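Keep the structure open as you read.

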Amino acid sequence: MMKANVLKHSTHIVHEYLRHSKKFPHMWCPGCGHGIVLSAIVRAIHALEYKKDEVVMVSGIGCSSRMPVYLDFNTLHSLHGRALTFATGIKLANSKLKVIVVSGDGDALAIGGNHFIHAARRNIDITMVIMNNSIYGMTGGQYSPATPKNSYATTAPYSHIEQPFKISELAITAGAGFVARGTTYHAAMLTNLIQKAFENSGFSVVEVLTQCHTQFGKLNKRGDHIAMLKKYKENGVRIEKAEKMTEKEMEGKFSIGVLRDEKLPNFVEQYETIRQNAAKKV
């Protein structure tokens, strides 16, 4: 009974934040992990008691980028790969807003890759949730910068030969102060990671491994969405445990949790200081 009540309460929370008259039923395939990510984002915002008008959600183009259409915040569905540029302008115009970018692995790292590394380098106060399903799901199953080597895509029918980006590791190297990785199987952990990302002052990246059984799963014989979720369960290792394991023990597995949490100079705060100094001189 308790579990049922918790589930009912959780569903009710998400229901409060939806635009019920907008674009429903949604475009996501049955079993897609993006709905789980949407729920995690909403629960994190609700837990932090942000008002709807305090939040701005920005996206580019792709399956995951449809999320702002469905949620009742200040939202912007922008150009392919350019979500971070719009989000940067919004944050600099009004630093009090809680700006979140939702993106897919293709949108964030292909056409948007340059913006991604420089947002991390600047450590601008924006939270970015990257839904990594290893494929371009909306446009036909082409390989993305995160598609694993030796896997298949509609644009790699004889096997993909490129090395994929390691998204979280790239974010850390580029300078992001907070970086975490979660999965759609570890839903409760995901909510917690996104909440911590919101609370961080600086560029916060949450990479979410999410299943696309319609495109990636089918082409690579990974089974349905349940089978893909089970793989996340089997291969996701909490970072505290992963740090104690050998390279051989971690083969085929990946770490989940907070990968970096370091207080670094915040671009928005520094920019405001520059503005004030300039105003004094004028």
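The lining of the largest pocket divides into 11 nonpolar, 10 polar and 10 charged residues. Ala, Val, Leu, Ile, Met, Phe, Trp, Tyr, Cys and Pro count as nonpolar, Asp, Glu, Lys and Arg as charged, and the others, Gly among them, as polar. This is a predicted model: local features need pLDDT of at least 70, side-chain atom pairs count only at pLDDT 80 or more, and totals for chains, interfaces and linings use all residues. Residues are numbered from 1 along each chain as its sequence is written, and side-chain values use heavy atoms, with hydrogens and water left out.

**Largest pocket**
- Its volume is about 1200 Å³.
- A pocket is an open set of points on a 1 Å grid over the protein atoms alone, with protein on both sides within 12 Å along at least five of seven lines.
- A volume is the space filled by probe spheres set on the points, and points are joined across faces, edges and corners.
- The lining holds 31 residues, and P148, L209, G252, K253 and F254 lie nearest the centre.
- Lining residues have an atom within 4 Å of a point.
- Helix 7 (167-174), strand 6 (204-209), helix 10 (225-235) and strand 8 (254-261) each give two or more residues to this lining.
- Helix 10 provides the largest share, 4 residues.
- Helices (H or I, at least four residues) and strands (E, at least two) are DSSP runs, numbered from the N terminus.

**Second largest pocket**
- This pocket has a volume of about 190 Å³.
- Its lining has 17 residues, with I61, G62, C63, Y136 and G137 nearest the centre.
- Helix 5 (residues 105-109) gives the most, 3 residues.
- By class, the lining has 6 nonpolar, 9 polar and 2 charged residues.

**Cavity**
- In a cavity, a 1.4 Å probe fits but cannot get out.
- There is 1 cavity of 30 Å³ or more.
- The largest cavity holds about 40 Å³ of space.
- Among the residues that line the largest cavity are G81, R82, S103 and M128.
- Helix 4 (83-93) and helix 5 each supply at least two residues of that lining.

- I61 sits in the loop between strand 1 (55-59) and helix 3 (67-70).
- I61 is partly exposed, with a relative accessible area of 33%.
- Partly exposed lies between buried (under 20% relative accessible area) and exposed (over 50%), using a 1.4 Å probe and protein chains only.
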